[in-house]
Amino acid sequence: MAERFYKYIPATAGEIEHMLGVVGYASIDALLAEIVPAPQLLGRPLALPAPVSEGEVLEAGAQLAAQNQHAGTLACFLGAGAYRHQIPAAIHHMVSRGEFLTAYTPYQPEVSQGTLQGIFEFQTMVCELFGMEVANASVYDGASALAEAIFMAHRVARGKRPKAIIAGAVHPEYQEVCCTYGLAEIVQLRAQPPGADGRIDLAALEASLDKQVCCVAVQSPNFLGLIEDLPALAELVHAAGALLVVVVTDPHACALFESPGACGADIVVGEGQALGLPVSMGGPYVGLFATRTKLVRTMPGRLVGRTHDVHGQPGFVLTLSTREQHIRREKATSNICTNQGLCALQTAMYMSMLGPDGIKDVAERSHAHALYLSRAIAALPGFELPFGGHFFHEFLVRTPVPAAGLVEHLVAHGVFAGVPMSRYFPDRSHELLVCATELNTRAQMDELVRLLGVHAAYEGGAA
Amino acid sequence: MTRAFPPSGTTGLAHEEPIIFERSVPGRRGWLQPSSDIPAADDLDGALLRQQAPRLPELTEPDVVRHYHRLSQWNYSIDAGFYPLGSCTMKYNPRVNEDVAAMTGFAQVHPQQPGATFQGALQLMVELEDALAEIVGLDAVTLQPAAGAHGEYTGLACIRAAQVACGDARTKILVPESAHGTNPATAVICGYQTVTLPAGPDGLLHPEVVAAAMDDQVAGLMITHPNTIGLYERHLPEICEIVHRGGGFVYGDGANLNALMGVARPGDVGIDVMHINLHKTFSTPHGGGGPGAGPVAVRAELEPFLPRPIIRRGELLELDWDRPLSIGKVRSFFGNFGVLVRAWTYIREIGGPGLEQATRLAVLNANYIRARLGESFAVAFDTPCMHEVVLTDRNQREHGVATMDIAKRLIDKGFHPPTVYFPLVVPHAIMVEPTESESLQELDSFVAAMHEIAAEAAENPALLTGAPHAPVRGRLDEVAAAKQPRLRYDFP
C-alpha cells in the first residue's frame with residue numbers, strides 16, 4: 001500500500017522511510033509480516049466507506065441529526081430517567097477545554113492536579129446534596145450505580161445475607177440492570193411490588209424482612225414520581241439489620257425534599273445527568289455514589305483524597321486503591337476502571353454555577369410546573385391521577401384511551417406528551433408518565449392539556 | 001463581608017487556586033431563573049422539605065469560569081504534548097467529533113422519545129455496529145456498555161448465558177498472567193473462579209499451557225490481543241481451537257485494537273467475543289477518566305444473548321425488546337450515545353484506509369522508539385513489538401534509580417510518563433505507546449529526553465529520585481492519603 005497523508009497522522013513518506021531505516025525493515029508491510037503469521041493477515045482492505053473531508057463528514061452527521069426530532073422541535077414532557085433542565089452556556093465552554101477533555105485518568109498526580117481537585121470538589125458536592133459523608137469519583141450511570149450499591153451491601157454483610165429487596169417502583173431499566181448483574185447469583189434479588197398508593201408497602205416489606213436480607217433498595221421520588229416515606233423505611237430496614245439503599249434519578253429533588261442521608265439512608269446513588277448534562281439519547285451520563293465513612297473501604301470506584309507533596313504543599317491523589325481491580329485483581333470491590341470523569345466534572349460545574357439557591361429554585365419551579373399541569377390534566381373528562389401522594393416533577397396519569405396511541409398522535413401535533421407505561425409493562429396500556437420542569441412554559445402545558453382533551457374525546461367518541 | 005482567599009500567588013502563569021468552597025461568598029449567584037407565570041406550589045407538607053441547604057459554593061459565572069480555567073492549567077493533556085501511556089492509546093482527539101456530537105439533533109434527543117422520532121440516531125448506531133463488526137471480523141455488536149470493563153462483563157455474561165442455555169454451566173475462566181486487572185475482577189463479578197496462565201519466555205501464551213488447563217469446567221479464556229506487552233499472540237488459532245474443542249469460548253480484550261485495524265482481525269483467528277474501547281482506538285477523548293464506551297462484538301451464535309434492546313434493521317429501524325435469551329440490560333437506555341457519535345465521525349472521516357494507516361504508523365512509531373531507546377534502556381523482549389514497547393529500569397537500578405523515578409523525571413522534561421509497573425509479568429515495566437498521532441520530531445524529542453535521563457541516572461541520581469521539580473506540585477504523598485483518608489472538603 002502506498003503510504004499516504006492523513007490529517008491526523010503526521011508522518012510523511014520521507015519520514016516513514018527514515019524510521020524504517022532505523023528499525024531495519026524495507027517497508028511497513030515487511031515489518032508487519034515479521035510480526036503477524038501470513039495466514040493471519042487480513043490481506044484485503046477493510047470493507048468500509050472511503051475517507052471524506054471534514055466538511056463532508058459534518059454534512060453526513062447533520063443529515064442524520066436532521067432525521068431526529070427533539071426538544072427543540074417539539075414540546076417535551078418526557079422524563080422517566082432523563083431530565084431536561086437549562087444548562088448554563090459557560091459549562092460547555094469550561095468542560096470543552098482540552099486540558100480536561102484530552103487528559104487520561106489521573107494516575108500521575110503531579111500533572112493531573114486539575115482533574116483531581118475538580119473531582120475532590122465533586123465528591124464533596126455529591127455528599128452535600130445527598131446528605132452523606134463520602135462519595136466516589138462516579139460510576140457509569142444511575143442504573144449501574146444501583147447494581148454496585150447492592151453488591152456493596154452484600155459485601156458489608158460479608159456474604160451472610162444473600163438476599164436483596166428492590167422496590168417495585170424503582171426505574172424498570174435500573175431493576176433490569178440489577179437483575180443482569182444478579183445473573184451471577186452472587187446476590188439474590190427479590191422485587192417488592194408497590195402498594196395501592198404507588199409507594200412501597202411498608203407492612204408487606206416488614207413481613208419479608210429477615211436476617212437473609214442485606215439491603216432494601218428504593219427510589220425516591222420513585223418511578224411513578226412519588227415521594228417515598230424514607231424515615232419510616234430506614235427504621236424498618238435498620239431494625240432488621242439491613243442497609244437502606246436510596247436511588248435518585250433527578251438530584252434536584254434533594255434540594256427541595258429532605259436529603260436521603262438525613263432520612264437515614266446508608267448508601268445513596270443517583271443518576272447525575274439532570275445536573276448539567278444534555279439528554280443526548282441516553283448518554284453519556286454519570287452515576288453518583290455516596291455512603292457513610294465507616295463503609296468506605298467496601299465502596300466501589302475511584303476516590304480522590306487530599307494529601308501533601310514533598311514540600312508540604314496541599315495536593316490530591318487517587319487513593320484507597322487497594323480496593324480496586326488494578327491492585328487487587330480478582331479480589332477487587334468492583335471491576336470498574338474508566339468511569340465518567342468528565343461528566344462528573346460537568347455536574348460539579350453545574351452545581352457551582354447554580355449554588356444552593358439556584359438548585360432549589362430549579363427544583364421548586366419544576367415542582368410548581370408539574371403541579372399546575374397535573375391539576376389541569378386531572379380536570380379533563382376521563383383523565384385521572386390514580387395516586388394521591390406527593391410528587392416532585394413527574395406524575396402518573398390514567399388515560400381514557402391507550403396511552404401509546406395518544407403519545408404517537410400528539411407527536412404529529414408537536415408534543416412529546418409523556419412516556420406510556422406500556423413501554424415497560426405491556427398490560428398497563430392506559431397509563432402515561434408525564435414530567436414537567438422549569439423549561440416547560442405555561443403555553444406548552446396549556447397546549448398539552450388541550451390536545452389531550454381533544455384527542456381523548458375524539459378517540460373515545462369513535463370507539 | 002470580605003474574606004481573603006488563601007495565597008493566590010503565581011509562578012509564571014501557573015496560578016494557585018483554592019478549593020472552590022473557599023471562593024464562596026454568601027449571596028453570590030451564577031444563575032437566574034427565567035420568569036414564570038405559574039403560581040408557586042402550595043401542596044407540600046413542611047415535614048417533607050429539606051431543613052438544611054446543601055453547602056454548595058455561592059459564586060458568579062466569572063468566579064466559576066476562572067476557577068475551572070485555573071484548574072485546567074494544572075492538567076497535562078494530549079493537546080499539550082506526548083502522552084505515551086501504554087495500553088491507553090492516547091491518540092489525538094479530532095475536534096470535528098466534538099462538533100458532530102454537540103449537534104442539537106443528537107444532544108437534545110430524549111431517550112424516551114418514540115422510536116420513529118429518532119431514526120437518525122438509530123441509523124448512526126447501525127452504521128457504527130456494522131463498521132466495528134467488519135474491523136474485528138465478528139458478526140453482531142452491542143453498543144450498550146459504557147467502558148471497557150463494562151464490556152468485559154457484558155461479554156462474559158453472554159458466554160455464561162449461552163452455556164447455561166445448553167445446560168452446560170461452568171465455573172472457571174482462564175486468564176493469562178499479563179492480563180489487565182479488570183479481566184480477573186470481571187470474571188469474579190460474573191461468578192467465575194480465575195485460573196492464571198503463565199506466558200512463555202517469549203512473552204506469548206502457548207497452546208500447551210492452555211491445553212493443560214482446559215477441562216469441562218472452563219467456560220472460556222480471556223485474552224488481550226495483541227497482549228499487554230505489545231506482542232502479537234501468534235498462537236491464537238491453535239489456542240482458540242483447543243478452547244473450542246473443550247466447549248469453551250474465547251474472550252478478546254480489545255484494549256489494543258489500535259495495533260490490528262486492517263492488518264489482522266480477532267474474529268478470523270478464533271476469538272468469539274470481544275470489547276472495543278472507543279476511547280482508545282476510535283479517538284474519543286478520555287476526559288480525565290471517562291466517559292468512554294465499550295461496545296461488544298460477538299460471533300453469530302452468541303448474538304441472541306446480547307443486551308436488549310437490539311436495533312432491528314428494516315425500512316424503519318426498530319428497537320427490539322423481545323429478546324428472550326438476552327442477558328438483559330447492562331446500562332440504562334442505549335449506552336454512551338455521545339461517545340458513539342464521536343467514534344462514528346472518526347471512522348466515517350478517515351475511512352478504511354485511514355484506520356489501516358493509523359495502525360501501520362502506530363506499529364512503526366513503537367518500533368522506532370524501541371530501536372532508539374535500546375541503547376540506554378533494557379527492552380523486555382527481543383522481538384519486534386506492535387503498537388507499544390515495554391522497557392525496564394534494569395540498566396538504571398545499579399544507580400539506585402527505579403522506574404517511578406524515570407517516570408517522574410520525564411515530567412520535568414515536558415512529557416507525560418509512560419505506563420509504569422504494568423504489566424506485572426515484567427518487573428519494573430515502563431510501557432511506551434506512542435500512537436500514530438506523534439510526529440517524528442516529537443518521537444525524537446522523547447528519545448532525547450529518555451537518553452538524558454539515562455545519563456542523569458548515572459551522574460546525578462538525586463535529580464531523578466527527587467523528581468518532578470518543574471510542576472506546581474512535587475511528588476505527592478500517596479501513603480499519607482491512604483492512611484488518613486480525607487475524601488471531602490472539611491467545612492470550617
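Is B:Tyr421 buried, exposed or partly exposed, and how many C-beta neighbours does it have inside 10 Å? I started my notebook with that one. B:Tyr421 has 16 C-beta neighbours inside 10 Å, so it counts as partly exposed. I kept in mind that this is a predicted model.

**Entry: the loop around B:Tyr421**

I placed B:Tyr421 in the loop between E14 and E15 of chain B. Its phi is positive, about 60°, although the residue is not a glycine. B:Pro423 is found in the loop between strand E14 (419-420) and strand E15 (429-432) of chain B.

**Entry: a cis bond in chain A**

Next I turned to chain A. Which peptide bond is cis there, with omega near -5°? I noted the one from A:Ser220 to A:Pro221. A:Pro221 sits in the loop that runs between strand E5 (213-219) and helix H10 (230-239) of chain A.

**Entry: A:Ser138**

I also looked up A:Ser138, where phi is near 110°, a positive value in a residue other than glycine. I found A:Ser138 in the loop between strand E2 (134-135) and helix H7 (142-156) of chain A. Is A:Ser138 buried or exposed? I count it as buried, because 31 C-beta neighbours lie inside 10 Å and the cut-off for buried is 20 or more.

**Entry: two helices of chain B**

On to packing. Two packed helices are described by the angle between their axes and the distance between the axes. I took helix H6 (residues 148-165) and helix H7 (residues 182-189) of chain B, which pack at an angle of about 45° with their axes 9 Å apart. That angle makes H6(B) oblique to H7(B). I noted the crossing of H6(B) past H7(B) as right-handed.

Which residues meet there? From H6(B) I listed B:Gly148, B:Ala149, B:Glu152, B:Tyr153 and B:Leu156, and from H7(B) their partners B:Thr182, B:Asn183, B:Thr186, B:Ala187 and B:Ile189. I sorted the residues of this contact into five nonpolar, four polar and one charged.

**Entry: where the chains meet**

Last, I looked at the two chains together. How many residues of chain A are in contact with chain B? I have 165 residues of chain A in contact with 170 residues of chain B. Helix H13 (residues 341-378) of chain A gives the most to the side of chain A that touches chain B, with 21 residues. By class, I wrote down 90 nonpolar, 49 polar and 26 charged residues for that side of chain A.

Technical notes: Residues are numbered from 1 along each chain as its sequence is written. Chains are lettered from A and ligands numbered from 1 in the order in which they are written. This is a predicted model: local features need pLDDT of at least 70, side-chain atom pairs count only at pLDDT 80 or more; totals for chains, interfaces and linings use all residues. Axes are lines fitted to C-alpha atoms, for helices over the stretch in contact, and angles run from 0 to 180 degrees between N-to-C directions. Helices (H or I, at least four residues) and strands (E, at least two) are DSSP runs, numbered from the N terminus. Angles under 35 degrees count as roughly parallel, over 145 as roughly antiparallel, 65 to 115 as roughly perpendicular and the rest as oblique. A crossing is left-handed if the near helix is turned anticlockwise from the far one by less than a right angle, and right-handed if clockwise. Two residues are in contact if their C-beta atoms, placed from the backbone, lie within 7 Å. Ala, Val, Leu, Ile, Met, Phe, Trp, Tyr, Cys and Pro count as nonpolar, Asp, Glu, Lys and Arg as charged, and the others, Gly among them, as polar. A residue is buried if 20 or more other C-beta atoms lie within 10 Å of its own, exposed if 12 or fewer, and partly exposed in between; C-beta atoms are placed from the backbone.
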